[in-house]
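Subject: Structure handover

Hi there,

Here is the structure I promised to pass on to you. Have a look at it first, and then read on for what turned up.

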Amino acid sequence: MKVRNISSLKFRLPEFLLVIFMLISGVFLACTSGSFIINFKKIGFSILSVAQKGVYIVVSSVQNTVGAVRELTALKRDYDELAKKLENYEQMRRTNAEIRKENEQLKEQLGFIETVEQESFPANIISRDIDKPHALLTIDRGSVNGINKNMPVIAYQNGDIGLVGKIVEVGKFTSTVMPIYNIDCIISARIQNTRDIGLVSGLGGNNQILSMKYIKKRVLDELHYGDVIVTSGENGNYMRNMPIGTISEIRTIDYDSSLDITIAPIIDFSRLETVIVVDQKSKAVEE
């Protein structure tokens, strides 16, 4: 086996050298005849041009990418600024709308105050316990503003005037109001149409409905849903004929000689923001 490989190599090597020699001879022959001339300078320039073009493409791509990133960053910054301006504008628009609404309410309230004979003190509700049986309201007026205990509190809402409650506690800068739906609130009241007198009391529920007692069954046929209930003015706790609410339900109880009447307050307490405290004694003092 080894002898055959060596003889095979010896036979193939001369052939390989012959082929190489023939190739070299052909190249030299072509060069001397002018038919094949290698321009190394031109080849170098072409290679350099290709390299430069490649570098230019790479650099341009990088520059374009960097430019695009910068442009996106600028657009993002502009977008954020516009979004912030839009948010500020919306907030300002809402604030202006609220201010206009407050001004309208204040103007309406002040217009009503001018019609009240007694001295009156407009106030804002700053806190409330609306769902509790012994619910109370807190207003931003106190003794320094002339508020005293047991002063009646009314409100002018959506063109309607109604009773809110009375002052039960007075601080220097704030006061506490017991609203008419408080379970401890009892008001001497009349049915406006029939002039029958009874007692209106709060039920302390979150629906804020009221109850009227001591109206005799004999007047049942004279009563209607929607009849207005007003203060009687007796006992001096509230002014006379101040609207409290309207009849929403009438029930008869077999063992009771009086009707069980449910009253819906004139004032929507869930939307009440401002009230008016009335000094009933101011008129008597002026006289």
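Let's begin with Lys166, which is found in strand β4, the stretch covering residues 160-170. One thing to keep in mind throughout is that this is a predicted model. Is Lys166 buried or exposed? Its relative accessible area is 17%, and because buried means under 20%, Lys166 counts as buried. Leaving aside neighbours within four places in sequence, Lys166 is in contact with Asn150, Met151, Pro152, Val153, Thr176, Val177, Met178 and Tyr238. One of these, Met151, lies 15 residues away along the chain, and its C-alpha atom is separated from that of Lys166 by 5.5 Å.

Strand β4 also belongs to a closed barrel of six strands, which runs β1-β2-β5-β4-β3-β12 with antiparallel pairing. On average, neighbouring strands of this sheet are turned by 45° against each other, direction ignored.

Strand β6 (residues 186-191) and strand β7 (residues 197-202) pair in the antiparallel sense over five bridges, and Gly198 in β7 is the bridge partner of Ala189.

Now for the packing. Which residues touch the most other members of the largest nonpolar core? They are Val164, Met212 and Ile261, in a core of 45 residues. Strand β12 contributes the largest share of this core, with four residues. As for Val164, its contacts beyond four places in sequence include Leu137, Val153, Ile154, Ala155, Val177, Met178, Phe269, Leu272 and Val275.

Finally, some overall figures for your notes:

- The secondary structure of the protein comes to three helices and twelve strands.
- Of the 287 residues in the protein, 29% are buried.
- Among contacts with a separation of 6 or more, 57% are between residues 24 or more positions apart.
- The accessible surface comes to about 19,300 Å², and 57% of this belongs to carbon and sulfur atoms.

Conventions:
Residues are numbered from 1 along each chain as its sequence is written. This is a predicted model: local features need pLDDT of at least 70, side-chain atom pairs count only at pLDDT 80 or more; totals for chains, interfaces and linings use all residues. Side-chain values use heavy atoms; hydrogens and water are left out. Helices (H or I, at least four residues) and strands (E, at least two) are DSSP runs, numbered from the N terminus. Buried means under 20% relative accessible area, exposed over 50%, partly exposed in between (1.4 Å probe, protein chains only). Contact means heavy atoms within 4.5 Å. Accessible areas come from the Shrake-Rupley method with a 1.4 Å probe; for residues, only the protein chains shown count as cover. Two strands pair if DSSP finds at least two bridges between them. Axes are lines fitted to C-alpha atoms, for helices over the stretch in contact, and angles run from 0 to 180 degrees between N-to-C directions. A nonpolar core is a set of buried Ala, Val, Leu, Ile, Met, Phe, Trp, Tyr and Cys residues joined through side-chain atoms within 4.5 Å.
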